[in-house]
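Please walk me through this protein model.

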Amino acid sequence: MSFEVGKVYRRVEEIHADYGGQEQGGISTPAKHPLVFLFVGEGGSAYGYEDGFRDDGVFWFNGVGHRGSMTMSRGNAAIRSHITDGRALLLFEYVSKGKVMFLGEAAYLSHHLTVQAYLRG
């Protein structure tokens, strides 16, 4: 792994071409590399949530799923178990279409449940 904090990468051409994993969505789990990629941006606000750093410096990431109850499966489970599975959790933020900035390596601390109402206007 040779990502540089603050450097901008083209998601498909410079990340997935080398490591694999799902090219869409916020969580990508390459099958042949011990990595979990998190991709965040402003898109969540359209669904009533926002990912980002809190005042205490902890980054809050909303799991996968836009409707109904999220489950601790697939990408969400990969985040939760990345340490026990020996996988690095790498955080990227969209800076423009298809381009992401590497924010650094993260570690799962815990999760919590919230109830949200979303009304499409």
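Tyr94 is partly exposed, because its relative accessible area is 33%, and buried would mean under 20%. This is a predicted model, so confidence comes up again at the end.

At 4% relative accessibility, Phe39 counts as buried. Phe39 and Tyr94 make an aromatic pair of the tilted kind. Their centres are 6.5 Å apart, with 50 degrees between the planes. Phe39 belongs to strand S3 and Tyr94 to strand S6 (residues 88-96), so this pair ties together parts that lie 55 residues apart in sequence. Phe39 also has a charged neighbour: Arg11 lies over the face of its ring, 3.6 Å from the ring centre.

Now the other rings. The count comes to 12 aromatic pairs. One of them joins Tyr19 and Phe37 in an edge-to-face arrangement. Tyr19 is buried, with a relative accessible area of 16%. Phe37 is buried too, at 0%.

Ring pairs link these residues into a cluster. Its members are Phe3, Tyr9, Tyr19, Phe37, Phe39, Phe92, Tyr94 and Phe102.

The strands come next. How do S3 and S6 run? They are parallel, joined by six bridges. Phe37 takes part here: its bridge partner in S6 is Leu90. S6 also pairs with strand S7 (residues 99-106), this time in the antiparallel sense, over seven bridges. Leu89 has Ala106 as its bridge partner in S7. S6 and S7 form a hairpin with two residues between them. Gly98, in the turn, has a positive phi of about 80 degrees.

Finally, confidence. The mean pLDDT of the protein chain is 76. Of its residues, 64% reach 70 or more. Where is confidence highest and where is it lowest? The highest is in strand S1 (residues 8-10), at a mean of 96. The lowest is in strand S4 (residues 52-53), at a mean of 60. Over residues 44-48, pLDDT stays under 50. For that stretch the model has eight contacts beyond four places in sequence.

Terms used
Residues numbered from 1 in each chain as written. Predicted model: local features only at pLDDT ≥ 70, side-chain atom pairs only at ≥ 80, totals over all residues. Heavy atoms only, no water. pLDDT = per-residue confidence, 0-100. Helix = DSSP H or I, 4+ residues; strand = E, 2+ residues; numbered from the N terminus. Contact = heavy atoms within 4.5 Å. Phe/Tyr/Trp six-rings, centres within 6.5 Å; stacked < 30°, edge-to-face > 60°. Buried < 20%, exposed > 50% of the residue type's maximum accessible area, 1.4 Å probe, protein only. Lys NZ or Arg CZ within 6 Å of the ring centre and 35° of its normal. Pairing = 2+ DSSP bridges.
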